[in-house]
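Dear colleague,

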Amino acid sequence: MSPAEDNAVRTSARNGWLLSLPALVVLAFAASGPLLIVVWYSFLTANDTGNVIHEWSIEGWKGIFFTYDIFEERYALADAHLTIFWRSVWLSLTTTALTFAIGFPTAWFIATRPQQQRALWLFLITIPFWTNLLIRTFAINEVIRNEGLLNTLLIWAGVIETPLQINYTETAVLIGMTYVYLPLMVLPLYATIERFDMRLLEASYDLYASRLRTLRRVILPIVKPGIIAGSILVFVPSLGAYVTPRILGGGKNMMIGNFIELQFLQGKNWPLGAALSVALLFIVMAALLVYVRVANRDRGAGHG
Amino acid sequence: MAERGFQISRLPGFATIAIAAFVLLYLPIITLVTFSFNASNSVAIWGGFSLHWYADAWANDDVKAATMRSLVIGASAAVLSTTLATMAALGTTRRRAFKGQTFIYVVINQPLMVPEVVTAVALLIFFGIIKVATGYQGLGYLIVAHTAFCIPFAYLPIRARLESMDLALETAAADLYATPWQTFRRVTLPLLAPGIMAGAMLAFVISLDDVVITEFVKSGGQDTLPTYMLGQLRRSFTPEVNAISTMLLGLTVVLLTLFFLLTRKND
């Protein structure tokens, strides 16, 4: 490389940094940077009136799994906390599975429409995707609550006499999360299915494969990157969900996000809340790393 | 492409599930909108058409104040984040890959990866410290917080637009002795404008929708429309909330339609 070219490259890189800098500063100030403070606070001592005392302690982290029994003066497993963790993971995994079961046929349906119709179907998926999560949770609440559409219809039809208690159960949270996160599964699935070469189906059927076998051995392996992307996109926000479990689950069916809020906004235990936040962040980062690794491996092997 | 005579891509049951999915996606929204026009107090039994829930919402000073706050925060965050995102997009596209570019991508997209509730907690603590230190309690915190998480949403469409633009036009301008600023002002910016508009609209919609971060960052009496609605839910549920939701929904649909028209490939 000639000195002049070398210089041009350096100037270009410098300009790239300078132009990006203002955005980076704002993000460091109001997004990435404060995350470090959370880590720091998770190692401080709780103050009974909320906030923290600036004394080093690992009680916050211990508090995730153990509670201190003041009568027996020993630590016991915090069943309530473990229940919340387990519920969050279980509900998020089930939500991911349900959105896939509904989302895959939907994405396939859209991708196999004639070219001119596809944009319209996609637009129909995109509107709920961008609609306020709170409004969509209200909307599903309208359907499943005791005086809601579903119960009114069932009672009117004489199927049941007393309303089904769906609201404030785990089922309600599951229905709600599946409803609000479905578009997040459909969109990446559609993006991969759209590129799927339909001639492969022809080849498969020519070789006497059944539809089920074709689905399992031809379609699913090829659209795997979309399945993984969709699963991550659903699993990650489900795990950190706050609005949907709060409205549909009530106080009894808290998820990690609500439990964290309880520690802060109700002023209970900031270090515990901070430790829970960091733990949640680690789980999400681990899920994203798995995604990146699988996606890269598939890209590497895909052209072989 | 010719229509296939034999529907090779048909998989049994898929179309049924897909149609059911669309119905299930829209049924709750349609219910919500319908009952916002209900004359009776019920959100399940139809009592005739009426606009009185809209009138109620309109007459409610809390709703008016929350709406104004949402619009001020949304507009400020949209303008600020789009400006920053445009600069960052110009800095990270159409030039030879440079050291630290991946780092810039990661930081810009970071709000998309971190669970909202974690960011909300982080800002609650950090802004709490600043509030105590400076005594300032205003809307600035919400505007900065919204600007930050809107940046990736503004950045993505702008970057996509930049990458599809033809460098030759700018080279031609430079050949005709335009200064870099003139080239930017007269060639790059007009070509980029649809991307910038699209980014600004997405940023506005995202800011308008935010619940979690606002709920944690706001000081007393700083409810936005979504946090006001969430607070209402603790009390009894009235169709007034449906009316507010329907108005927000209408605004979102209008902005999204504009967004799609702006980003259509063959415009």
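I begin with one loop residue of chain B. B:Arg94 sits in the loop that joins α3 and α4 of chain B; helices here are DSSP runs of H or I with at least four residues, strands are runs of E with at least two, and both are numbered from the N terminus. Although it is not a glycine, B:Arg94 has a positive phi of about 55 degrees. B:Arg94 is partly exposed, because 16 other C-beta atoms lie within 10 Å. On this scale a residue is buried if 20 or more other C-beta atoms lie within 10 Å of its own, exposed if 12 or fewer, and partly exposed in between, with C-beta atoms placed from the backbone.

Please keep in mind that this is a predicted model, in which local features need pLDDT of at least 70 and side-chain atom pairs count only at pLDDT 80 or more, while totals for chains, interfaces and linings use all residues. Residues are numbered from 1 along each chain as its sequence is written, and chains are lettered from A and ligands numbered from 1 in the order in which they are written.

A:Tyr208 counts as exposed because it has 7 C-beta neighbours inside 10 Å. A:Ile58 belongs to the loop between β2 (52-56) and α2 (59-65) of chain A. With 12 other C-beta atoms within 10 Å, A:Ile58 is exposed. Its C-alpha atom is separated by 17 Å from that of A:Leu280, 222 residues apart along the chain.

Strand β2(A) pairs with β1 (residues 44-46) of chain A in the antiparallel sense over three bridges; pairing requires that DSSP finds at least two bridges between the strands. Within this pair, A:Ala46 stands opposite A:Val52. The hairpin has five residues between the strands, and in it A:Gly50 takes a positive phi near 95 degrees.

Neighbours within four places in sequence aside, A:Ala111 is in contact with A:Tyr190, A:Ile193 and A:Glu194, where contact means that the C-beta atoms, placed from the backbone, lie within 7 Å.

I turn next to helix packing. In chain A, α5 (residues 133-144) and α7 (residues 170-194) pack at an angle of about 130 degrees, with their axes 10 Å apart. Axes are lines fitted to C-alpha atoms, for helices over the stretch in contact, and angles run from 0 to 180 degrees between N-to-C directions. The angle makes α5(A) oblique to α7(A), given that angles under 35 degrees count as roughly parallel, over 145 as roughly antiparallel, 65 to 115 as roughly perpendicular and the rest as oblique. Among the residues making this contact are A:Leu133 and A:Ile140 of α5(A) and A:Ile175 and A:Tyr179 of α7(A).

In chain B, the axes of α8(B) and α11(B) come within 9 Å and cross at roughly 155 degrees; these helices are therefore roughly antiparallel to each other. Their contact includes B:Met197 and B:Met201 of α8(B) and B:Leu255 and B:Phe259 of α11(B).

Between the chains, 73 residues of chain B are in contact with 71 residues of chain A. On the side of chain B that touches chain A, the largest share, 13 residues, comes from α1(B). The residues of that side divide into 57 nonpolar, 11 polar and five charged; Ala, Val, Leu, Ile, Met, Phe, Trp, Tyr, Cys and Pro count as nonpolar, Asp, Glu, Lys and Arg as charged, and the others, Gly among them, as polar.

Helix α1(B) also packs with α5(A), at an angle of about 85 degrees and with the axes 8 Å apart. The two are therefore roughly perpendicular to each other. This contact involves residues including A:Phe138 and A:Val143 of α5(A) and B:Leu32 and B:Phe35 of α1(B). By class it has nine nonpolar, one polar and one charged residues.

With kind regards

Terms used. Two residues are in contact if their C-beta atoms, placed from the backbone, lie within 7 Å.
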